[in-house]
Amino acid sequence: MPTLDIPRYAVLGNPIAHSRSPEIHQAFAKQFGRRIDYSRRLVPMQGFAAVIAEMRGEHFAGANVTVPFKEDAISVAARVSERARHAGAANTLTFREDGTIDADNTDGAGLIKDLTINLGRALEGASILLVGAGGAARGVVLPLAASRPARLIVCNRSPEKAAALVALLRERGGPGIDRIECAVRPLDSNSLRELGEFDLVINSTSASLGGDALDLPVSCFSKRTLAYDMVYGNGITPFLGAARAAGAAVADGLGMLVEQAAESFSVWHALRPDTAPVITTLRASLPPL
Ligand code: NDP
């Protein structure tokens, strides 16, 4: 039973049993000698606003939000950060003492930290293929553009969603956006082949969850390429396997998960945790890459 002097947090989703957020946030809190209560909360499909109302009454300090409620998370907030507004989705809610809620989105910052710091990739001047145009892609596309790549191509199974993402890029990408070659492509190897190789290919689709391969040409990959699957915990997915067979380096989304959590932690506690030991501990419990 939590006591009132220990701040309460939860991760909200459906399903939620698989979430590693409680152990990540507890590990961060321990680094600063802090005690927090952090639980998982299964939210009924139509029940997001009702759960938030309950949590207000239970004096929660914050919540992380995952699939499929990141868009609902915007609608319960009185204040929405610029990065959450642009993404149209939030993964971090802060409950204020006056009963109002702040919404933020830390997914983009988490991906950029993982790519540039943990994986040591330079994004400025890079050629990037972003596969997928769902909520995760929306959260990362503007931070990727802000890193000033030379080329940022978005492809998706439903091309109209990729087109909407590139329209968002052109509208909100800031003054330097004209210097980035942005384009939309359908997700099929015939139309992608002519684009040649990429420095970075990011799979932001949920295809790997079901073990599905993506229709990408081998020519996307070379020895210089990093293939990054946002899905984690599934070992070598068909996407990563195809990239590795073509000589590319591979990474999964575990680092992004821990880095977005670190960003949430610093939103709530104004403290920046050390992510490396947490990534190492979680990595040891997952199938190898
Ligand atoms: P959404 O449901 O919003 O979007 C799913 C995307 O995947 C769409 O672009 C969809 O295409 C595409 N897709 C689904 N199945 C297939 C398939 N078989 N072949 C090709 N494309 C497919 O999900 P999210 O964007 O929120 O999440 C996507 C993934 O990213 C999830 O697996 C999630 O776990 C992961 N993620 C990881 C994070 C991390 O920290 N590591 C953070 C956030 C997300 P279409 O538009 O045509 O339906």
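Analyst: Gladly! Keep in mind that this is a predicted model.

User: Which parts of the chain make up domain 1 and domain 2?

Analyst: The domain assignment gives 8-105 + 259-283 as domain 1 and 108-252 as domain 2. Their centres, taken over C-alpha atoms, are separated by 26 Å.

User: How many salt bridges are counted between domain 1 and domain 2?

Analyst: The count is 3 salt bridges. Across the interface of domain 1 and domain 2 there are also 4 residue pairs in polar contact, both residues being at pLDDT 80 or more.

User: Which helices supply at least two residues each to the side of domain 1 that touches domain 2?

Analyst: Those are helix H4 (82-87), helix H10 (254-269) and helix H11 (276-284). H4 gives the most, with 4 residues. Sorted by class, this side of domain 1 has 3 nonpolar, 4 polar and 7 charged residues.

User: And how do I read the size of an interface?

Analyst: The size is often given as the accessible area lost when the parts come together. Here, domain 1 and domain 2 bury about 1100 Å² between them, with 45% of it on carbon and sulfur atoms.

User: Which residues of domain 1 lose the most area to domain 2?

Analyst: They are His86, Ala87 and Glu259, which together account for 47% of what that side buries. In terms of contacts, 14 residues of domain 1 touch 12 residues of domain 2.

Technical notes. Residues are numbered from 1 along each chain as its sequence is written. This is a predicted model: local features need pLDDT of at least 70, side-chain atom pairs count only at pLDDT 80 or more; totals for chains, interfaces and linings use all residues. Side-chain values use heavy atoms; hydrogens and water are left out. Domain bounds come from an automatic or database domain assignment. Contact means heavy atoms within 4.5 Å. Buried area is the accessible area (1.4 Å probe) that two parts lose on being put together, summed over both. A salt bridge is a side-chain nitrogen of Lys or Arg within 4 Å of a carboxyl oxygen of Asp or Glu. A polar contact is a pair of N or O atoms within 3.5 Å; within protein, one must be able to donate a hydrogen and the other to accept it, and residues adjacent in sequence count only if both atoms are side-chain atoms. Ala, Val, Leu, Ile, Met, Phe, Trp, Tyr, Cys and Pro count as nonpolar, Asp, Glu, Lys and Arg as charged, and the others, Gly among them, as polar.
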